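Here is a protein to read term by term.

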Amino acid sequence: MNEIAMPRLSDSMEEGTILRWLVADGSEVQRGQELAEIETDKASMVYEADASGILRIVALEGDTLPVGAPIAQLLEPGEQPPEPTSNGHAGQVNGSAEVTAKPTPEPAATAAVTPEKRALQPAGSPSPEKRALQPAASPSGRVKASPLARRLAAEAGLDLASITGSGPGGRVVKADVERATEGTTAVSASATAASTQAGTPTKAAPAGPVKGESEVVELTRTQELIARRMAEAKATIPEFTLQSDVDMEAAVALRMELKALAERREQAAPSFNDLVVKACALALKEHRRANGTYRDGHFELHGRVNVGVAVASKDALVVPVVRDADVLSVWEIAAETRRLAAAVREGTITPPELSGGTFSVSNLGMFGVDAFTAVINPPQAAILAVGSLAQRPVARGGELAIRHTMNVTLSCDHRILYGADAAEFLAGVRELLQQPLALLA
């Protein structure tokens with residue numbers, strides 16, 4: 001027997017949710033065949049079998065399990081699955097002695113369960129009828145529900161506590177929310193029709209609290225991850241920031257030439273942010289501590305320069321990674337950043353495209369923000385916040401002049417980057433942007 005565990009599909013993944021099984025229980029599968037859709041902390045993706053065998057499903061659709069927990073088994077032809085024990089694991093009690101579990105007689109009510117539904121039910125788990133009678137609330141009072149069910153309930157304005165869960169242990173899953181949504185819609189339509197027929201005038205709602213009615217919005221898995229990692233960053237990283245104004249006059253002139261060339265080539269021209277990414281990548285290559293990580297009392301200086309570029313999606317901030325940005329041309333960086341940004345907004349970005357970053361760039365200049373301080377993305381050593389590029393009055397040669405300038409703010413982890421190191425790195429970025437022909441080399 002080959003046990004399939006919840007895979008770690010990203011470097012920050014702690015748990016995953018089975019969205020949909022793509023193969024029926026008891027079917028024969030081949031190595032590399034698509035088995036299930038799994039929702040991770042960053043994206044949803046298809047998991048493929050790493051061996052061949054007869055599939056026995058352990059985790060139901062909608063179940064949320066930690067990395068390493070069993071979700072299925074692959075049996076040899078003719079092999080019988082091990083009997084479950086009282087602790088839910090095959091052949092083990094307290095992780096040691098093997099015992100044989102006696103089958104528990106099922107009440108007559110379970111006769112209505114179809115063989116197809118029972119095939120997807122893991123051995124030793126309660127029947128749907130039994131699960132429906134179990135409370136959905138955990139001992140802490142928090143309703144047990146899959147992240148997908150929480151999101152759907154929030155979008156529909158439903159209280160999870162009012163929904164009967166049919167998942168393991170009374171967990172509320174997607175199907176439960178959909179049934180509750182259909183019921184709420186039907187009741188609302190009936191009430192509206194009855195009120196209209198009776199000619200009853202609509203009464204004004206009573207005055208509510210001073211703040212008005214509050215809407216409770218459950219976080220998606222991505223938002224939960226962002227909240228946890230940002231809190232971790234602010235609580236554990238001793239950070240400091242450096243600011244610098246960059247004279248972008250030469251960069252503006254260069255981009256005008258690149259834009260004209262792009263029109264002749266019928267391709268997208270590199271943006272100012274693409275120039276910033278390239279400048280950071282070249283500077284990171286020279287200042288390796290800025291491209292490193294502090295971990296457990298030592299430095300890890302990474303051999304590749306992978307720059308993360310913050311992209312705003314519908315309900316979260318996602319940071320896809322431009323790999324080997326130091327060896328890519330500005331044209332290649334432009335093409336890659338556009339591809340990654342489109343994948344984020346379309347919801348097709350994959351965990352590998354979001355992992356492996358060694359440094360990050362966050363740009364809010366397009367929103368008219370002059371300067372801001374970004375939060376470091378652990379375990380990276382620093383992040384560069386880019387403000388708006390605009391014409392501003394500056395002193396030049398003892399006289400007042402109007403120049404294109406841009407503010408950049410570097411947030412640093414003081415455990416690996418010290419003041420002088422960070423200042424030299426930021427000076428390198430500024431010099432490359434002020435003499436941008438070096439970016440084309």
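Q: Which residues is Leu-433 in contact with, leaving aside its neighbours within four places in sequence?
A: The model is a predicted one. In it, Leu-433 is in contact with Val-246, Asp-247, Met-248, Ala-251, Leu-275, Val-276, Ala-279, Met-406 and Leu-439. Contact here requires heavy atoms within 4.5 Å.

Q: What makes the largest nonpolar core, and which residues have the most contacts inside it?
A: A nonpolar core joins buried residues of nonpolar kinds through side-chain atoms within 4.5 Å. The largest one has 52 residues. Those with the most contacts inside it are Val-307, Phe-359, Leu-384, Leu-410 and Leu-433. Helix H7 gives the most to this core, with eight residues. Apart from it lies another core, of 22 residues, including Tyr-47, Leu-55, Ile-71 and Ala-72. In soluble globular proteins, nonpolar side chains tend to be buried together.

Q: Why does Ser-271 count as buried?
A: Buried means under 20% relative accessible area. Ser-271 has 19%, so the residue counts as buried. Its place is the loop between helix H6 (249-265) and H7. Beyond its neighbours within four places in sequence, Ser-271 is in contact with Arg-255 and Arg-338.

Q: Why is Glu-3 called partly exposed?
A: The label covers values between the 20% and 50% cut-offs. Glu-3 has a relative accessible area of 44%, so it is partly exposed. This residue lies in strand E1. Not counting residues up to four places away in sequence, Glu-3 touches Pro-70, Ala-72 and Gln-73. Glu-3 and Gln-73 are 70 residues apart in sequence, yet their C-alpha atoms are 4.4 Å apart.

Q: How do you know that E1 and strand E8 pair?
A: Pairing needs at least two bridges. E1 and E8 (residues 70-75) have four, in the antiparallel sense. Ile-4 stands opposite Ala-72 in E8.

Q: What makes E1 and E3 edge strands?
A: Four strands form an open antiparallel sheet in the order E1-E8-E6-E3. E1 (2-5) and E3 (28-29) each have a single partner strand, so one side of each is left without a neighbour in the sheet.

Q: How do you know that E12 and E15 pair?
A: The cut-off is at least two bridges. Strand E12 (residues 307-309) and E15 have two, in the antiparallel sense. Val-322 in E15 is the bridge partner of Val-307. Both strands belong to an open sheet of six, in the order E9-E18-E17-E16-E12-E15, with mixed pairing. Its edge strands are E9 (239-247) and E15 (321-322), each pairing on one side only. Helix H10 (residues 419-434) packs on this sheet, touching E9, E16, E17 and E18. The direction of H10 makes about 25° with that of E9.

Q: What makes the contact between H7 and H8, and at what angle do these helices pack?
A: H7 (residues 272-286) and H8 (residues 330-346) pack at an angle of about 115°, with their axes 9 Å apart. H7 gives Asp-274, Leu-275, Val-277 and Lys-278 to the contact, and H8 gives Val-330, Ile-333, Ala-334, Thr-337 and Arg-338. By class, that is five nonpolar, one polar and three charged residues. H7 passes H8 in a right-handed crossing.

Q: How many helices and strands are there in the protein?
A: There are ten helices and 18 strands. Of the 441 residues, 40% are buried.

Key: Residues are numbered from 1 along each chain as its sequence is written. This is a predicted model: local features need pLDDT of at least 70, side-chain atom pairs count only at pLDDT 80 or more; totals for chains, interfaces and linings use all residues. Side-chain values use heavy atoms; hydrogens and water are left out. Axes are lines fitted to C-alpha atoms, for helices over the stretch in contact, and angles run from 0 to 180 degrees between N-to-C directions. A crossing is left-handed if the near helix is turned anticlockwise from the far one by less than a right angle, and right-handed if clockwise. Ala, Val, Leu, Ile, Met, Phe, Trp, Tyr, Cys and Pro count as nonpolar, Asp, Glu, Lys and Arg as charged, and the others, Gly among them, as polar. Buried means under 20% relative accessible area, exposed over 50%, partly exposed in between (1.4 Å probe, protein chains only).
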